[in-house]
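Dear colleague,

I am passing on the structure we spoke of, with notes on what was found in it below. Please read the notes with the structure open beside them.

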Amino acid sequence: MSDAPPVMLEVKDLQVAYGAIKAIRGINLVVRIGQIVTLIGANGAGKTTTLRAISGMVRPSAGTITLRGQPIGGLASHQMVRLGMAHAPEGRGIFANLSVEENLDLGAYIRRDRAGIAADKERALTLFPRIRERLGQNAGTLSGGEQQMLAIARALMARPTLLLLDEPSLGLAPQIVQTIFQIIRDINAGGTTILLVEQNAHMALNVAHHAYVLEAGEITMEGPARELARSDEVRKAYLGGH
Amino acid sequence: MKTLAQHIAEVSPSRAFRPALMLVPWLACLAVALLIHYAAPMAVNDYWVNVMRRMGVFIVAAVSLNIVNGYTGQFSMGHAGFMAIGAYIGAAVTYYGSLLAHGSTNDPAFYTQGVLLMLAGILAAGCVAAGAGLIVGLPSLRLHGDYLAIVTLGFGEIIRVLLELTSTQIYDAKEVTLGALATFPLNGPVGFERIPGYASLFWIYLFAAITCLIAFRVKMCSSGRAFLSIREDEIAARSMGINLTKYKVRAFVLAAFFGGVAGALYAHTGVNPSPTDAGFARSFDIIIMVVLGGLGSISGSVLAAIILIALPEALRDLQQYRLIVYALLLIGMMLLRPQGLFGVKEVWDLFRRKPQPKDKDPHGPARFASAAGTTGGAR
């Protein structure tokens, strides 16, 4: 694999414990520039915890995390944003009592280039026309799908090089899920590297280049997403195949 | 990095630096203060003028507490503590300053030394309260919800006890020495007496208007959005790159400063500040104003302060039943509008169907304009 793109994010021997409970038992993963990498697994497998450890929301008990070769373990999450990593948290985490536009502006909180912010907002609104119609509305009045779109659009406003998405399909109607995943593909085509955590393995394997399967805090399988989607074990466990 | 010249070149003409225009809001504050100062005595009797002075003081207190409890959603219960610090600092500067300067607390000439001493006292009060806010805020703002409430509640009580331990007031100008002042002659549990009542309607409403203006500008700038985002969702706020502790402390210190100013004004309205002013009851009065007006709404806090000061006075004829009526009104309020009078909105937002993105009014929802975040960006 000498022609593989350079590494964006590398996680080595990552362990995370909540008190005595070991949520992550030493996992390794690599995200290469320009890829969509997905982390799939059942409830409680440790997907969200992995993502939170990467974005600095929880402190790992062991292991190293490097972003473009630079170690970032131990940095606070608000510093990660400045390094180009944006995290769209699980459950969307939109600011319900602020307007949609204020939500987007907060996404660009760390930036001071006004022209660039305006251009990126325009780009985000082109990506999500539904959001444009609701700019002045309170974000809490949006539907679940729209809130997820807003959460992704808001994360993009930081102009990240690496976007962490935590279960963007959670609680959404199948048709909206289709739309969201199409947009995830578009975002990636625009040059943003994506680490996607999903329970919806079918959709995730469909868009991703590379995939990891997480079970009880350990990675049990990895490989190109297409191959994993064909493998019998994954089909049985996650895709409902026989 | 861009040079300052490049930044200035980028600023659109409508936002260009125009000193005359920038003065307008401050002149409006002055106009409001002058209007109230001269119009109020014509409309109401002396008793109500005094009630209005109290109202002004509590507008400052409620609006400043709103920055912490309303904007950032941190439940502080120690605002009376900051107010009491401010009251004692302000009173001490004026009282002992007057004794040192001209041997008595009578102002020698109209609007001269006395008022200047009061203004110096107000500034000192704000700064000391802000310092106290920093000391209390740094460790305690890492706590959440109930824990922060308990810590700040304890802070108010600590201030109360400390004030009770101060030594007897010095009445003779000749005895006022540096050594004597070092024993904190603030009159212990009796309460600090004989403070000249320099805080006329003009000064009180000038500071009230300035507090509202600053609180409003904070809400509209990118720092303000950061404050509001912390209240909405801390995890998401962190994901946006917002340093939670830094912003919580910033809000807390700002609120403490104006809490101190409110206290200093209060001390100059002809009352004797006493240690009980730092206690839980006073803090709770201010919290009720903020909650009643709507967490995050400045005009709501102003209106609630006016109502909650005026109501007990207006109901005075009902004698002992007035507290019952007062309580019933509050209960009714909580049942009918639990989000407070205005929620997070301002009074003028209620008369608007939809926020208009291209609003010309610089204080209206023009903050939705595409280049929002500019206030922070221009720094």
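**A nonpolar patch on chain B**

On the surface there is a nonpolar patch formed by Leu23(B), Trp26(B), Leu27(B), Leu30(B), Leu34(B), Tyr38(B) and Met42(B), which together have about 730 Å² of accessible area. Please keep in mind throughout that this is a predicted model. Leu30(B), with a relative accessible area of 33%, is partly exposed.

Leaving aside residues up to four places away in sequence, Leu30(B) touches Phe202(B) and Leu206(B). By contrast, the C-alpha atoms of Leu30(B) and Ser239(B) are 41 Å apart in space, and these two residues are separated by 209 residues in sequence.

**Chain B as a whole**

The secondary structure of chain B consists of 15 helices and 0 strands. Of the 379 residues in chain B, 52% are buried, while the chain exposes about 17600 Å², of which carbon and sulfur atoms supply 69%. If one takes the contacts in chain B between residues at least 6 apart in sequence, 77% of them join residues at least 24 apart.

Helix 9 of chain B, residues 222-232, is mostly covered, with 10 of its 11 residues buried.

**Salt bridges**

Over all chains, a search of the whole structure finds 16 salt bridges. In chain A, one of them joins the side chains of Arg132(A) and Glu122(A), with a distance of 2.9 Å from N to O. This pair links distant parts of the chain, as Arg132(A) is in helix 5 (residues 129-132) of chain A and Glu122(A) in helix 4 of chain A, 10 residues apart. Arg132(A) is partly exposed at a relative accessible area of 36%, and Glu122(A) is likewise partly exposed, at 41% relative accessibility.

In chain B, Glu157(B) and Arg160(B) form a salt bridge in which the closest N and O atoms are 3.0 Å apart. Both residues belong to helix 6 (residues 145-164) of chain B and are 3 residues apart, about one turn of the helix. Glu157(B) is partly exposed at 26% relative accessibility, and Arg160(B) is partly exposed at 23%.

Lys219(B) and Glu346(B) also meet through their side chains in a salt bridge, at 2.8 Å from N to O. Because Lys219(B) lies in helix 8 (residues 201-220) of chain B and Glu346(B) in the loop between helix 14 (322-336) and helix 15 (374-377), this pair ties together parts that are 127 residues apart in sequence. Lys219(B) and Glu346(B) are both buried. A network of salt bridges that share partners joins Arg111(A), Asp113(A), Asp120(A), Arg123(A) and Arg159(A).

**A positive patch with members from both chains**

Arg82(A), Arg112(A), Lys246(B) and Arg250(B) gather on the surface in a patch of positive charge. Arg112(A) is placed in the loop between helix 3 (100-107) and helix 4 (114-127) of chain A, and with 34% relative accessibility it counts as partly exposed.

**Two backbone angles to check in chain A**

Asp13(A) has a phi near 50°, which is a positive value in a residue other than glycine. Asp13(A) is found in strand 1 (residues 7-18) of chain A and counts as partly exposed at 45% relative accessibility. Ala216(A), again a residue other than glycine, has a positive phi near 45°. Ala216(A) sits in the loop between strand 9 (210-215) and strand 10 (218-224) of chain A, and it is exposed, with a relative accessible area of 57%.

With best regards

Technical notes. Residues are numbered from 1 along each chain as its sequence is written. Chains are lettered from A and ligands numbered from 1 in the order in which they are written. This is a predicted model: local features need pLDDT of at least 70, side-chain atom pairs count only at pLDDT 80 or more; totals for chains, interfaces and linings use all residues. Side-chain values use heavy atoms; hydrogens and water are left out. Helices (H or I, at least four residues) and strands (E, at least two) are DSSP runs, numbered from the N terminus. Buried means under 20% relative accessible area, exposed over 50%, partly exposed in between (1.4 Å probe, protein chains only). Contact means heavy atoms within 4.5 Å. Accessible areas come from the Shrake-Rupley method with a 1.4 Å probe; for residues, only the protein chains shown count as cover. Patches are made of residues with over 30% relative accessible area and no salt bridge: like charges are joined within 9 Å, nonpolar side chains (Val, Leu, Ile, Met, Phe, Trp, Tyr) within 5 Å. A salt bridge is a side-chain nitrogen of Lys or Arg within 4 Å of a carboxyl oxygen of Asp or Glu. Lys and Arg count as positive and Asp and Glu as negative; His and the chain ends are not counted. The place of a charge is taken as NZ of Lys, CZ of Arg, CG of Asp or CD of Glu.
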